[in-house]
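I opened a new structure today and kept notes on what I looked up. The entries follow in the order I made them.

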Amino acid sequence: MSKHFKLIAGNALILLVLLVIVELMLRAADVGSYGAAPMNPDPVYHHVHPRDYRFVNYSLNNDYGAVTVTYDDQGRRSPDGGRPANQQGKPSIAFLGDSFVESNQVSYDSSFIGRLQALCPDIALYNYGVSSYSPAINYLIVKQRILNSKPLPSKVVMMVYSNDVRDDETYLASAVYDQSGEITALNGGKPSAIMSFLRSANLFRMLRKAQLTIAFMLKNKAQEKQEQKVVGNQLEENPDWEGTQSAAYVLKTARLLARHNIDFQLTAVPSKYNDFFADYSNPGFSQKVGAWAAANGISFIDLTKPFRSWRESHEEKLFYKVDIHFNDSGHGVVARALAPHIITNELYSCNLLTFN
């Protein structure tokens, strides 16, 4: 073995030892457990959360501060300390949707699901929301996971967003069907062992956070000066809903749940543009979904009206300035709007009068 090779190997070993020491120090101090919507590829549900995972979510544009996010043993957003064991066996409600349901931009207690859970401790509320999920994926979640859970939930609530139509077109291009033509998977590939390892390393997560933050700053230098264009164009889609694959999979979900005597309710994210500029002159995506739901006998919870009512009496907006999601006040309005519709069973010991 040459002296040159020994020198390289020795330096590499020293570097490795130093990296291990730094990583252990970061973990001991609970520093660096950052993440930004961590997801693993999945051969059935296209992408999923890592299970039994905790990280600190952060805003690249400083819209919100550090938020601790916990995923339970099924990859569901849960209270920061983990879901209490005594939730098992309770009446339950399952929530389906994308990052608006996942709600990683606020603490669990401030999210609309967390607020409803605090209101009704005798109901187990399960958050199946995952960033970029769509009605086709939600249908598979219901068919293969929720309907195999015990006991079955008494209600399923699905929130759709305007980019779902485009996402479903993308996901369904790689769909797997059985001989009867029924969808069985949306193949997103296999999880990477290397990425799973790096995701568990605080040092890598800190470096990744720094890299993403710098990239965001370089790409969006002039974004604040163009806020109206960003809100009105870049961040907002308003596709037709009637006749889309997304609408078809929502209808399939509703009918599947009805066969199991499970209530289904649909809602949609209101327009951020309308909220920011108090302009409700044009019907948004939510109104299109609501009209379709009424025509198809699906229970729909309208969020546009309570959002508009809020803006008529408050200066504060209900979405973050740059980030597309609800802010803390937005989650409060959503929770208050959902509560009287989804918490109706006399078995639930919930006092809506104490809700704020």
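Entry 1. Before anything else I wrote down a cut-off: a residue is called buried when its relative accessible area is under 20%, exposed when it is over 50%, and partly exposed in between. I also noted that this is a predicted model.

Entry 2. I applied the cut-off to E182. Its relative accessibility is 18%, so E182 counts as buried. For K143 I found a relative accessible area of 28%, and K143 is therefore partly exposed.

Entry 3. I looked up these two residues together. K143 and E182 form a salt bridge, and their closest N and O atoms are 3.0 Å apart. Where in the chain do K143 and E182 lie? K143 is in helix α4, residues 135–144, whereas E182 is in the loop between β10 (175–177) and β11 (183–186). The pair therefore ties together parts that are 39 residues apart in sequence.

Entry 4. I stepped back to the whole chain. I listed 13 helices and 13 strands. The chain has 356 residues, and 49% of them count as buried. It exposes about 17700 Å², of which carbon and sulfur atoms supply 56%. I then took the contacts with a separation of 6 or more, and residues 24 or more positions apart account for 73% of them.

Entry 5. How many salt bridges does a search of the whole structure find? The search finds ten. Besides the one already noted, I looked at two of them.

Entry 6. D167 forms a salt bridge with R166, with the closest N and O atoms 3.9 Å apart. D167 is buried at a relative accessible area of 11%, while R166 is partly exposed at 41%.

Entry 7. The side chains of D275 and R311 also meet in a salt bridge, at 3.6 Å from N to O. This pair links distant parts of the chain, since D275 is in helix α10 and R311 is in helix α12, 36 residues apart. Are D275 and R311 buried or exposed? D275 has a relative accessible area of 0% and is buried. R311 counts as buried too, at 14% relative accessibility.

Entry 8. Last, I looked up a residue in a loop. N163 lies between β9 (155–160) and α5 (164–171). N163 is buried, with a relative accessible area of 17%. Leaving aside neighbours within four places in sequence, I found N163 in contact with D98 and E237.

Conventions: Residues numbered from 1 in each chain as written. Predicted model: local features only at pLDDT ≥ 70, side-chain atom pairs only at ≥ 80, totals over all residues. Heavy atoms only, no water. Helix = DSSP H or I, 4+ residues; strand = E, 2+ residues; numbered from the N terminus. Buried < 20%, exposed > 50% of the residue type's maximum accessible area, 1.4 Å probe, protein only. Contact = heavy atoms within 4.5 Å. Areas by Shrake-Rupley, 256 points an atom, 1.4 Å probe, with all protein chains shown as cover. Salt bridge = Lys/Arg side-chain N within 4 Å of Asp/Glu carboxyl O.
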